[in-house]
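Please read the points below with the model open alongside.

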Amino acid sequence: MGKVEIILIDLFNRKIDYMRISITDRCNLRCRYCMPDGIDLCSHDDILSFDEILMVCREAIKLGIVNFKITGGEPLVRKNCHELIRKIYDLDGVNEVTLTTNGVLLGQQLDRLVEAGVGSINISLDTLDREKYKQITGFDEIDKVFEAIEKSIEKGIRVKINSVLHDEDYSKDFISLVDFARRYPIDVRFIEMMPIGLGAESMLVSNEDLKKILMDTFENVTKDNKKHGNGPAEYYNIDGFKGAIGFISAIHGKFCDSCNRIRMTSTGDIKSCLCFDKKISLKDALREKNPNRVYDMLVNSILEKPEMHSFEDKNSITELKKMTQIGG
């Protein structure tokens, strides 16, 4: 069990207190910009065990990293995901463990996740249109997602919808997703597509354009300065709405100066920035059961975190992996 020993500040005066942990590169959907059919998957032997992930979390906590996000792929396709979350919460010093999911398996696993301590869940949903959902994901599963959202709200879970708009018909999807927050007490957030992996081949929708549509379409839109979690989203409230609207603008609203996170892939690679292919592999140290070496490598990953990404200059982007392989 490890309490916080130091609060590690990177070379650009940022406190790194948040880690996104991918527990699998597999997914039960085939979203065309993330994981289409035919993508290469890691062997099961290369994926970190839960015990190895817990070793990383123990050492991360000593550095002041106390907030963890469990991601994939789709994390709920990995057996006993809720058990991992419970065990992370059992570590001395943890503040919060949250989950990002596509929502398809969420309804049937929600009770166990709540018992494990999950209080906030991000659900990826790019459209409310059934036919378009099938086109994007390859499956007709949207009813399960809607049911999971309603069940999560009933359980008192903080729900955030993450939407990536990436085609010519984005304004229709945008307005319908915004209106979703009229009916439900949820945050609906629009994330600019990052030009890495298959995202580089997709249409890049600017959140500045979306904000203009928001202001032109809805009345009494006001800035919301309350903190909604660990991420960099900018939020707005609309009179009469139960939920809020958020924008995560990596391209047109560069927030690198406040970036507070590092990522770990399902195979134990630590990445401090999605833009670049630089990584530090913890796998050997974990297989050697060497926590001191893991600690030192986490320190190095934070101290080597770049000042900013360069997504605006495609020639300087060196990360070529798909988002499902990186951990999203």
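1. The lining of the second largest cavity comprises, by class, 4 nonpolar, 1 polar and 4 charged residues. In this classification Ala, Val, Leu, Ile, Met, Phe, Trp, Tyr, Cys and Pro count as nonpolar, Asp, Glu, Lys and Arg as charged, and the others, Gly among them, as polar. The residues concerned are Asp126, Lys132, Ile136, Val164, Leu165, His166, Asp167, Tyr170 and Asp173. Two or more of the lining residues come from each of α4 (130-137) and α6 (170-183). The space in this cavity is about 40 Å³, and the count of cavities of 30 Å³ or more is 3.

2. The model is a predicted one: local features need pLDDT of at least 70 and side-chain atom pairs count only at pLDDT 80 or more, while totals for chains, interfaces and linings use all residues. Residues are numbered from 1 along each chain as its sequence is written, and side-chain values use heavy atoms, with hydrogens and water left out.

3. On terms: on a 1 Å grid over the protein atoms alone, a cavity is a set of points where a 1.4 Å probe fits but cannot get out, and a pocket is an open set with protein on both sides within 12 Å along at least five of seven lines; lining residues have an atom within 4 Å of a point.

4. The second largest pocket has a volume of about 150 Å³. Its lining numbers 13 residues, and Asp224, Lys226, Ala233, Glu234 and Tyr235 lie nearest its centre. By class, 7 of the lining residues are charged, 4 polar and 2 nonpolar.

5. After α3 comes Gly117, with a positive phi near 115 degrees.

6. How many disulfides does the structure hold? The number is 0, a disulfide being a pair of cysteine sulfur atoms within 2.5 Å. For Cys259, the closest cysteine sulfur, in Cys256, is 6.6 Å away, too far for a bond. Cys259 counts as buried because its relative accessibility is 17%.

Notes:
Helix = DSSP H or I, 4+ residues; strand = E, 2+ residues; numbered from the N terminus. Points joined across faces, edges and corners; volume = space filled by probe spheres on them. Buried < 20%, exposed > 50% of the residue type's maximum accessible area, 1.4 Å probe, protein only.
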